[in-house]
Each structure stands twice: as C-alpha cells, then as structure tokens.
Amino acid sequence: MSTAEQQPENTEKTSPAAPDALLGPADIRELAAALGVRPTKQKGQNFVIDANTVRRIVRTAEVRPDDVVVEVGPGLGSLTLALLEAADRVVAVEIDDILAAALPATIEARMPAKKDRFALVHSDAMLVTELPGPAPTALVANLPYNVAVPVLLTMLDRFPTIERTLVMVQAEVADRLAAEPGNKVYGVPSVKANWYAHVKRAGAIGRKVFWPAPNVDSGLVSLVRRTEPIKTTATKAEVFAVVDAAFAQRRKTLRAALAGWAGSAAGAEAALVAAGVSPQARGESLTVEEFAAIAEHKPAAERPAL
C-alpha cells in the first residue's frame, strides 16, 4: 500500500458543498448513538468516518455531473453525501430498517439542495429488480464483506445501464475480483466479473477510516462494462455452469473437473478439444472467452437406451 493511498487527500477547498456537509467521526458516532445503532459483524457494518476518503472514492469512480449513481449499503450516509456532491442523482439501497428510516433526514439536514436528487430503496440488494427514476449509469458502494461478490454480480446483471462501477471490498476479495488468468487467486469471481466488465484494482483503503476499524484491509475495485459483450453463442448461464464446475475441483485437470458437467470425462475432453483448450489445463489458466468456447461445445445429452 503506497503512502499516497494511505493518506487521505485534502479536497475541502475545492468541494462544491459546505465544509461540514459530509460526516466526520464525531457526526457518525452522534448519529449512531441517536439511532441506537451499534455496528454488527453479522451485517458487515463498518462505517467510513473520514470525509476525505469518501471524496477520494468518488473521484476514483469518476462520477460525473450527469451520472445516476446507485449505492448499496449506504449506512449512515457518509459516501451518499459525497456522491450527491458530484452526481446528478443517487439511489441508495439499504436493508437495515433503522438506517433506511434515518437516511433521508440526514440528507435533508446536511445537503438540503440535493434532497430531491436522492431516492431510497429499503430492500435487500439481492432482491431489487428495479430502481426509481432514470436508469443508473454508475454503481459506487462500500459493500459488506460477507456478500460483496454476489451483490456486485447481481447488480451488474440486473442493471445493464451501469457503465462504471467502483466498490470498496475486503482486500482479499478485491484481489480475487481483479485477478488475471494464471494468478493463484484467480477463480469464479474473477471470471464472472470479467463476463460483464474490464476489472482492475483501483487503490487501497486503510483500517483507520472506519468505525469500528475492521480486522482486514480494504481495496477499491474498478469495473468498466464491456462495450461489446463476449462473443459467444452460449448463454451466460451456460458459461457460468462451466466456470462453476471448473473451479469446484480447481486442482484437477479440466478433463476431470468437467466430467460431471459433460456427462463423462471423454465428453469433457471432446468439448475441450473442440474449444481449442488442452484437456490437461486447469480452470485457473483460462480466460472468460475460453470458458465461453467450452460452453458452446457441451456434448448433447445421450438418449436413454430403449
């Protein structure tokens, strides 16, 4: 982690909002106390208490004045307020009853000029199928560590208008999402994220900017949606089935790992050869395009004997 990444930058002088519009450590603790909120590990709650950090996240996300940003897990509103400074609109998805009820009042109190540009969806992000207002163009979120990958993939799948995404996740998860073929942490999240977007690490976040301070480091991951989808005749579900099978037994060769998927080891070998992939290769060496090619050549199910 570089010194530049560890040290929050001072951007107060150029901020379009009043210096006290964003939430600081005292504000966060005061809000939490008033609401009777105690961050829980079960919900993966770690509130960002540093205004410079949330502004840095917004800059790294390249949020534009015409963006409609969806935020998952806004909590007490630290990042929400910073997003409202930069974006046209913000839609926040919050599952917690108390936090969801309190957030609109926080927005109105600290950034009244933007209250009509904010919308709240009180729901589990995994269950959200539509959002109010114009279609979202960006996703920016501090995702709970325990559900980060499924929430990210679900949002990218359900809202194809999201062009740019920046998520803050556990550093280990960030490494997995951004890993390239051949990397030891390359796996299911890496491949599936690449189905939707070009993925890269976009920075590191220290523990001290959170309350309570987590026991792990955090990382930023940037995902820019592909302008052209992966060229394949296979469906997403068909490709993902190959990915899941390959990494379910990642130490085995693909000939063995895909035997169940193909109906037999011989069938797996035939599909691999047809796709131009060595049957002795392992899933961690394949690109998403190669997984798609394998999916295209799944053997037809054999007819039962009469």
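Aspartate 124 is found in the loop that links β4 (118–122) to β5 (138–142), where strands are DSSP runs of E of at least two residues and helices runs of H or I of at least four, both numbered from the N terminus. With a relative accessible area of 29%, Aspartate 124 is partly exposed, a class lying between buried (under 20%) and exposed (over 50%), for a 1.4 Å probe and protein chains only. The model is predicted, so that local features need pLDDT of at least 70 and side-chain atom pairs count only at pLDDT 80 or more, whereas totals for chains, interfaces and linings use all residues. Residues are numbered from 1 along each chain as its sequence is written, and side-chain values use heavy atoms, with hydrogens and water left out.

According to an unreviewed UniProt entry, the annotation "binding site" covers Asn46, Val48, Gly73, Glu94, Asp124 and Asn142; such annotations, given here with shortened feature names and in the numbering used here, may be inferred rather than shown by experiment. Glutamate 94 lies in strand β3 (residues 89–94) and is buried, its relative accessible area being 6%. Beyond its neighbours within four places in sequence, glutamate 94 is in contact (heavy atoms within 4.5 Å) with residues including Gly73, Pro74, Gly75, Leu120 and His122. The side chain of glutamate 94 also reaches the backbone nitrogen of glycine 75 at 3.0 Å.

Elsewhere, Thr80, Leu81 and Leu84 in helix α4 meet Leu103, Ile107 and Arg110 in helix α5.

Technical notes. A polar contact is a pair of N or O atoms within 3.5 Å; within protein, one must be able to donate a hydrogen and the other to accept it, and residues adjacent in sequence count only if both atoms are side-chain atoms.
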